[in-house]
Amino acid sequence: SVRENTIRSSEIQQGLIISMDNDKAGQDASNELQEALSSLEVEHYTYDVCNGYKDANEALINDKEAFKSRVSKDIQHIYAEKYSASSYLQGWINGVVDWKTSTAGDWQYFIDGVSASANTPVTPTCLNSLDYILDGGLYEGLYVVGAISSLGKTTLITQIADQVAQNGNDVIIFSLEMARSEIMAKSISRLTKQILERDGGNPNHAKTVRGITDGARYKDYCNEELDLIKQATNEYSKYAGNIFIKEGLGNLGVDDVKQAVDKHIAITGKTPLVVIDYLQILAPHNERASDKQNTDKAVMELKRISRDYKLPLIAISSFNRASYKSAVCMSSFKESGAVEYSSDVLIGLQLKGANEDKFDVDEAKSKNPREIELI
């Protein structure tokens, strides 16, 4: 029996789908198997693929295509449940604040899961001025977005990712620096501001990322603030099933990106927008190579991914220190080389006035709100 088996959860990387006979004996066996697998910490899921037939074999024999379709949809559902942002939403927000004891205790989250084509159609960013410059939006190719530190690179690209997801397109974000919860909080923070601008209300109730993720602050929020966060998170959940956030910390390289994209397309049948945040901290291709050589290799491979899978890929890049007080130019991109020569589009963010005499970067950074130019 399974209980006596020495199988370990680490030996089953993908998990198991259980679909026993469609009768009481099958249900009893399914319950026993689930209990045994849970005790062994083996990932498993239970789905009825029999579709009214006695067992899976009978369903397969009677209608092979329907059976294949049913199993495929179950796999897609599991994939979305495991990896999409919506799958983390309830657990994450419950970890921030105990909604059962707050005035928003009746809040119901919904977690909803989530075609390849010969040529990738344009993907609008829904930032009208940017789409105009880009001739409609994002096409198949490599886009590199750079700026000095703390100027809003991730914030901008996260907003674009959200707007792409709101249009029903999938987005895979490889977050190599920020936690998944921080990426999600950026979106919810922005939505609190947008909701207030749309519906009216006290602008001081809009929340920063820290105001979203710091659960200790919730006890001091008034009912209006709690309702605002509730509404923003609910709006985020409506498209979070199209956003897939994969965390990494020095251990995620270009090969991992390729495998994840390949798997996503194979399972969902959808070609995603891919975001790398950020380029310079992808795992090096060769530990003995220089930073420049590894960055050049990464850029070339990311370019290959965008070409092979016919998708838009955005890589966020840091700037070299010499560019902190000067206007954006091609040589601003850190470890410059393949970045400016292999990218299809280079986008730089700079503080307004960076190209003027007597420009003071600290003064420009201290403005609220900061004035940023996109080049």
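In which sense do strand β4 (residues 171-175) and β5 pair, and over how many bridges? The two strands pair in the parallel sense, over 5 bridges. The legends below describe this pairing and other close-up views of a predicted model.

**Figure 1. Overview of the chain.** The predicted model shows a chain with 13 helices and 9 strands. Of its 375 residues, 45% count as buried. The accessible surface of the chain comes to about 19600 Å². Carbon and sulfur atoms account for 47% of that surface.

Figure 2. An open sheet of 7 strands runs in the order β5-β4-β6-β7-β3-β8-β9. The pairing within this sheet is mixed. Strands of a sheet pair through backbone hydrogen bonds, and the pairing may be parallel or antiparallel. β5 (243-247) and β9 stand at the edges of the sheet, and each has a single partner strand, so one side of each is left without a neighbour in the sheet. From one strand to the next, the twist averages 15°.

Figure 3. Within the pair, I173 has I245 in β5 as its bridge partner. Is β5 mostly covered or mostly exposed? The strand is mostly covered, since 4 of its 5 residues are buried.

Figure 4. V145 stands opposite I316 in β7, and the bridge partner of G146 in β7 is S317. β3 also pairs in the parallel sense with strand β8 (residues 345-351), over 4 bridges. Here G146 stands opposite G348 in β8.

Figure 5. How many of the 7 residues of β3 are buried? In this strand, 7 of 7 residues are buried. On one side of β3 lie G141, Y143, V145 and A147, and on the other lie L142, V144 and G146. Both faces are covered, as the residues on each side are all buried.

**Figure 6. The second largest cavity.** The second largest cavity has a volume of about 50 Å³. Its lining includes Y143 and V145, two residues that also belong to one covered face of β3. Among the other lining residues are L130, L156, I160, I314 and I347. β3 and α6 each supply at least two residues of this lining, and α6 gives the most, with 3 residues. Which classes of residue make up the lining? By class, the lining has 10 nonpolar, no polar and no charged residues.

**Figure 7. The largest pocket.** The largest pocket has a volume of about 1100 Å³. It is lined by 26 residues. T155, Q159, S189, R190 and P369 lie nearest the centre of the pocket. At least two lining residues come from each of α5 (128-133), α6 (153-166), α7 (180-199) and β9 (372-374). Which helix supplies the largest share of the lining? The largest share, 6 residues, comes from α7. By class, this lining has 11 nonpolar, 9 polar and 6 charged residues.

**Figure 8. Two cis peptide bonds.** Most peptide bonds are trans. In this model, a cis peptide bond joins D277 and Y278, with omega about 5°. Y278 lies in the loop between β6 (273-277) and α11 (291-308). A cis peptide bond also joins N368 and P369, with omega about 0°. P369 is placed in the loop between α13 (361-366) and β9, and P369 is one of the residues nearest the centre of the largest pocket.

**Figure 9. Two residues with a positive phi.** Most residues other than glycine have a negative phi. C126, although not a glycine, has a positive phi of about 65°. This residue is placed in the loop between α4 (85-96) and α5. C126 has 34% relative accessibility and therefore counts as partly exposed. D135, found in the loop between α5 and β3, has a phi near 60°, again a positive value in a residue other than glycine. Is D135 buried or exposed? D135 has a relative accessible area of 59%, so this residue is exposed, the cut-off for this class being over 50%.

Definitions and conventions:
Residues numbered from 1 in each chain as written. Predicted model: local features only at pLDDT ≥ 70, side-chain atom pairs only at ≥ 80, totals over all residues. Heavy atoms only, no water. 1 Å grid on protein atoms, 1.4 Å probe; cavity = no way out; pocket = protein on both sides within 12 Å on 5 of 7 lines; lining within 4 Å. Points joined across faces, edges and corners; volume = space filled by probe spheres on them. Nonpolar A, V, L, I, M, F, W, Y, C, P; charged D, E, K, R; others polar. Pairing = 2+ DSSP bridges. Axes fitted to C-alpha atoms, helices over the stretch in contact; angles between N-to-C directions. Buried < 20%, exposed > 50% of the residue type's maximum accessible area, 1.4 Å probe, protein only. Areas by Shrake-Rupley, 256 points an atom, 1.4 Å probe, with all protein chains shown as cover.
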